[in-house]
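Look at the sequence and the model first.

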Amino acid sequence: MSKFIAFRLSAGKRFGLGHLIRLINISRSLKSKPFWIIESDYRKISNFFHNKKTKLYIKKKISENIVVKKIKKLGIKKIVFDLPDNNIKNKKKIISRYSSLNLKTISYDLPKKYSDADIKIIPYITNKKINQKNTFVGSQYLGIRFKKNRLNKIKNILISISGSDKFDIGNTIYNILKKYNFNITFIHGLNKKPSSITKKCCVKKFAYNLKELISYNDLIITGEGMTKYDVIYENKPLIIIQQFNNSQLMQDFKSKRLCLIIKKNLKKSIVEKKIISFVNNNKLLKKFHKNQINLLKKNSNLYEYEKMLNTINCL
């Protein structure tokens, strides 16, 4: 059990909530009782935590240097980071503040923007190989067990773009699909819920049982975040609606032909046509379904995930 560990993350409207969920999952896998250091612009983020005494918020009045000194006094020996990758210089600067006090550092990174942490976790489907000590590359380091499922006729659809859904894409997709004869579950996150809700639609702000909802539904529509991995590891049909520019990670993901990817800023009529065409294209659905099975039965080695956890515990 890792008692002397802290988790430093950025999560909220600007950064999304995927960083938070990912760290909660690994803290459980480590069987740790961590101290949380949170930078957030979402005031209700405290609802995700049970023990309010084990967290500290990064704010204008509370600088990173003050936090560093405090966690050192608490006897914390190591710290796990999940920070935005859009400013790699700032990310490296934050990590170096903690490592300068001889704290061991673990960081979730991107394949082309990795940090100087003692342990680097790059848990993505990627074509890039990184030969560095204590660097774990691949989706197997998400610790998700692959579940082979039967391909069903699409009747139930889950829409969950992201926790923040900065461009309110979820509401757009919901309004496109609500006129069809689907049972829809729509998670709107930090955005306003739809003004018009039909009898066949269930609308939620957040879903703490997201994996159960993924398992229940026949098609999941999401953004580029971590939810896509939960979906393909459940062997479910997936549509990704792009919110941002086409990254190398999305290109690698697309090259595996695991799902339908719809580019950003398309007209509603084109988006609607693509979704309905995909739903009715049984040949393509079967192809993606088979590709998920062929790829992920290789990338769901929980022994590798346990090996990574052991490396963190021994650091």
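Six salt bridges are counted in the chain, each one a side-chain nitrogen of Lys or Arg within 4 Å of a carboxyl oxygen of Asp or Glu. The model is predicted: local features need pLDDT of at least 70, side-chain atom pairs count only at pLDDT 80 or more, and totals for chains, interfaces and linings use all residues. Residues are numbered from 1 along each chain as its sequence is written, and side-chain values use heavy atoms, with hydrogens and water left out.

| Salt bridge | N to O distance |
|---|---|
| Arg8 and Glu39 | 3.3 Å |
| Glu272 and Lys179 | 3.1 Å |
| Glu304 and Lys307 | 4.0 Å |

Strands are DSSP runs of E, at least two residues; helices are runs of H or I, at least four; both are numbered from the N terminus. Arg8 is buried at 1% relative accessibility; Glu39 is partly exposed at 22%. Buried means under 20% relative accessible area, exposed over 50%, partly exposed in between (1.4 Å probe, protein chains only).

Glu272 in helix α8 (residues 268-279) is 93 residues from Lys179, which sits in the loop between α4 (169-177) and β9 (183-187). Glu272 is buried at 18%. Lys179 is exposed at 58%.

Glu304 and Lys307 share helix α10 (residues 302-314), three residues apart, about one turn. Glu304 is partly exposed at 21%, as is Lys307 at 40%.
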